[in-house]
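Visitor: Good morning. I am new to this structure and would like to be shown around, please.

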Amino acid sequence: MPRLVTIHGIKACDTMKKARAWLDAHGVVYAFHDYKTQGIARDVLEGWVRQVGWPMLLNRAGTTFRKLPDADKTDVDEGRAVALMLAQPSMIKRPVLDVDGALTVGFKPEIYAAVFG
């Protein structure tokens, strides 16, 4: 039975380009959701948080997060993290790979090989 594969991220991101190139090279058919241009629904993001946790999803190393005022970067909890990621989807780590509802956050070729192996 075919798998339902969606990769979520931002088109211009270098890590996204590597992940999509890996999927293409391995013949994986997938949908691409660009959450910078298409946004992310609160219920989808909250589902991701329940599955992998907000610390896994919030990209604290990215420029968007680092440019926040210090007050916005301290005492981050789940509610604040979700609000930040909804307001600025570029704060969501990339890519988020959804294979039949199971999530993989980030890109490592060996992890993708295990997912699709």
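Guide: A term first: contact means that heavy atoms lie within 4.5 Å. This is a predicted model, in which local features need pLDDT of at least 70, side-chain atom pairs count only at pLDDT 80 or more, and totals for chains, interfaces and linings use all residues. Residues are numbered from 1 along each chain as its sequence is written, and side-chain values use heavy atoms, with hydrogens and water left out.

Visitor: Then what does Thr104 touch, not counting residues up to four places away in sequence?

Guide: Thr104 touches Pro95, Val96, Leu97, Ile111, Tyr112 and Val115.

Visitor: And where is Thr104 found?

Guide: Thr104 belongs to strand 4 (residues 102-105). Helices (H or I, at least four residues) and strands (E, at least two) are DSSP runs, numbered from the N terminus.

Visitor: Is Thr104 buried or exposed?

Guide: Thr104 counts as buried because its relative accessible area is 16%. Buried means under 20% relative accessible area, exposed over 50%, and partly exposed in between (1.4 Å probe, protein chains only).

Visitor: Let us turn to aromatic rings. How many aromatic pairs are there?

Guide: Rings of Phe, Tyr and Trp (its six-membered ring) pair if their centres lie within 6.5 Å; planes under 30 degrees apart count as stacked, over 60 as edge-to-face and the rest as tilted. By this rule there are four aromatic pairs. One of them joins Trp22 and Tyr112 edge-to-face, at 5.6 Å centre to centre and with 90° between the planes. This pair links distant parts of the chain, since Trp22 is in helix 1 (residues 14-25) and Tyr112 in helix 7 (residues 109-116), 90 residues apart.

Visitor: What else does Tyr112 form an aromatic pair with?

Guide: Tyr112 also forms an edge-to-face pair with Phe107, at 4.8 Å centre to centre and 90° between the planes. Phe107 counts as buried because its relative accessibility is 18%, and Tyr112 is buried at 0%. Ring pairs link Trp22, Phe107, Tyr112 and Phe116 into a cluster.

Visitor: Now strand 1, please. How many of its residues are buried?

Guide: In strand 1 (residues 5-9), five of its five residues are buried. Val5, Ile7 and Gly9 lie on one side and Thr6 and His8 on the other, so both faces are covered, given that buried means under 20% relative accessible area.

Visitor: Which strands pair with strand 1?

Guide: Two strands pair if DSSP finds at least two bridges between them. Strand 1 pairs with strand 3 (residues 96-99) in the antiparallel sense over four bridges, with Leu97 as the bridge partner of Ile7. Four bridges also join strand 1 to strand 2 (residues 31-34), and these two run parallel. There, Thr6 stands opposite Ala31.

Visitor: How far apart are Val99 and Val5?

Guide: They are 94 residues apart in sequence and 4.6 Å apart in space, C-alpha to C-alpha. Val99 lies in strand 3 and counts as buried, at 8% relative accessibility.

Visitor: Finally, which residues have the most contacts inside the largest nonpolar core?

Guide: A nonpolar core is a set of buried Ala, Val, Leu, Ile, Met, Phe, Trp, Tyr and Cys residues joined through side-chain atoms within 4.5 Å. The largest has 34 residues, and Trp48, Leu57, Met85 and Ile92 have the most contacts inside it. Strand 1, helix 1 and helix 2 (42-52) are among the elements that each supply at least two residues of this core.
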